[in-house]
Amino acid sequence: LAQIENSAAVERALSLYRQQMKEKLSLPTETQKELSDVSEQCLQQALQLFMNRSFKDENNEYQRNLMVRVEGEYDLFCNENTALSQDRCTAVLIQLEDQQEEDDYLKPGGYRDYRDNLDNLIQQYKETPGKGTQAACVLEEYLKRKEDLGRNILMADHALTEQDRRIKEEEARVEMEKYKAEVARQQEEMLKQRLEDKDRAYRENEKQLREKMENDRRAALDEHNRILDRKLKEQKALIMEGFQDKASRMESEMKSLRRQVQQQSKGSSGWNCSIS
């Protein structure tokens with residue numbers, strides 16, 4: 001029975017997490033933290049549902065299984081978020097991209113026209129909302145693909161001196177390094193966020209398990225107190241009716257109950273709720 005109930009609790013909790021994520025998320029999210037915050041809320045609800053439905057989950061086996069599967073679901077949402085962001089960013093660049101061919105710039109002053117158009121595209125791209133977490137990465141890859149084109153136009157622009165070309169080439173290199181650094185920074189932030197997500201999920205899991213075990217402890221204590229009160233009344237009745245032997249035999253049973261009550265009354269410090 002416990003296996004059936006706990007397996008069902010895992011499936012229902014996982015289904016709730018998946019459903020709530022789909023309802024609350026609008027992909028692609030602008031930041032990884034936005035996705036992370038929604039996931040944390042959905043995990044809280046999923047864990048509460050599991051705690052309410054689970055039954056004698058020895059060694060927290062089913063709860064650990066739930067956490068592993070929730071993490072897998074979260075990874076799927078993260079991957080989908082990344083893919084949708086990449087598609088969105090690529091579509092924006094295609095829409096903004098200058099339709100002029102390379103030959104249109106192979107003339108005196110062509111490099112200035114090329115840079116003006118490219119800078120305008122970059123500005124419009126940055127101002128376009130809804131690109132998601134991959135905005136900087138997709139832009140950096142796009143500019144990387146344009147490097148050879150820009151270099152060819154620069155070399156063909158006879159309106160520039162050799163020194164002008166070197167200056168422009170250095171400016172383009174510095175700009176590219178700036179975009180690379182921005183991408184590296186954002187990727188590091190996303191990785192840090194994913195690690196924080198795992199830590200937060202573990203803490204939430206631990207918190208809810210402690211609460212459940214404390215509630216179970218209090219419920220068991222209340223039940224033992226009720227049984228003890230009933231036994232005391234029965235013992236008193238037996239003594240009054242003259243059944244001294246039966247009353248004496250009940251005393252050992254009641255001593256055992258008192259020990260259990262005293263042990264549980266000490267609090268939850270002796271309850272092990274570690275999940276690893």
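Reader: Which residues have the most contacts inside the largest nonpolar core?

Author: In this predicted model, the largest nonpolar core has 24 residues. Two or more of them come from each of α1 (2-24), α2 (32-53), α3 (61-96) and α7 (162-241). The residues with the most contacts inside this core are Tyr 17, Met 21, Leu 43, Phe 50 and Leu 66.

Reader: Which element gives the most to this core?

Author: The elements that supply two or more residues are α1, α2, α3 and α7. With eight residues, the element that gives the most is α2.

Reader: Which residues does Met 21 touch, not counting residues up to four places away in sequence?

Author: Met 21 is one of the residues with the most contacts inside the largest core. It also belongs to the α1 residues that meet α2. Leaving aside residues up to four places away in sequence, Met 21 touches Leu 35, Val 38, Ser 39, Cys 42, Tyr 74 and Phe 77.

Reader: Which residues does the second, separate core include?

Author: This second core is separate and has 21 residues. Among its members are Tyr 111, Leu 121, Ile 122 and Val 138.

Reader: Are α1 and α2 roughly parallel or roughly antiparallel?

Author: The axes of α1 and α2 lie 8 Å apart, and the helices pack at an angle of about 155°. Angles over 145 degrees count as roughly antiparallel. Therefore α1 and α2 are roughly antiparallel.

Reader: In a crossing of which hand does α1 pass α2?

Author: The α1 side of this packing includes Ala 9, Ala 13, Leu 16 and Tyr 17, while the α2 side includes Cys 42, Leu 43, Ala 46 and Phe 50. As α1 passes α2, the crossing is right-handed.

Reader: How are α2 and α3 oriented to each other, roughly parallel or roughly antiparallel?

Author: The axes of α2 and α3 come within 11 Å and cross at roughly 155°. Residues of α2 including Leu 35, Leu 43 and Phe 50 meet residues of α3 including Leu 66, Val 70 and Phe 77. α2 passes α3 in a right-handed crossing. Given the crossing angle, the two helices are therefore roughly antiparallel.

Reader: How many helices does the secondary structure of the chain come to?

Author: From the N terminus on, the elements run α-α-α-α-α-α-α-α. There are zero strands, and the number of helices is eight.

Reader: What percentage of the residues in the chain is buried?

Author: The chain exposes about 17100 Å², of which carbon and sulfur atoms supply 48%. Of the 276 residues in the chain, the buried share is 38%.

Definitions and conventions:
Residues numbered from 1 in each chain as written. Predicted model: local features only at pLDDT ≥ 70, side-chain atom pairs only at ≥ 80, totals over all residues. Heavy atoms only, no water. Helix = DSSP H or I, 4+ residues; strand = E, 2+ residues; numbered from the N terminus. Buried < 20%, exposed > 50% of the residue type's maximum accessible area, 1.4 Å probe, protein only. Areas by Shrake-Rupley, 256 points an atom, 1.4 Å probe, with all protein chains shown as cover. Core = buried A, V, L, I, M, F, W, Y, C linked by side-chain atoms within 4.5 Å. Contact = heavy atoms within 4.5 Å. Axes fitted to C-alpha atoms, helices over the stretch in contact; angles between N-to-C directions. Parallel < 35°, antiparallel > 145°, perpendicular 65-115°, else oblique. Left-handed = near helix turned anticlockwise from the far one by under 90°.
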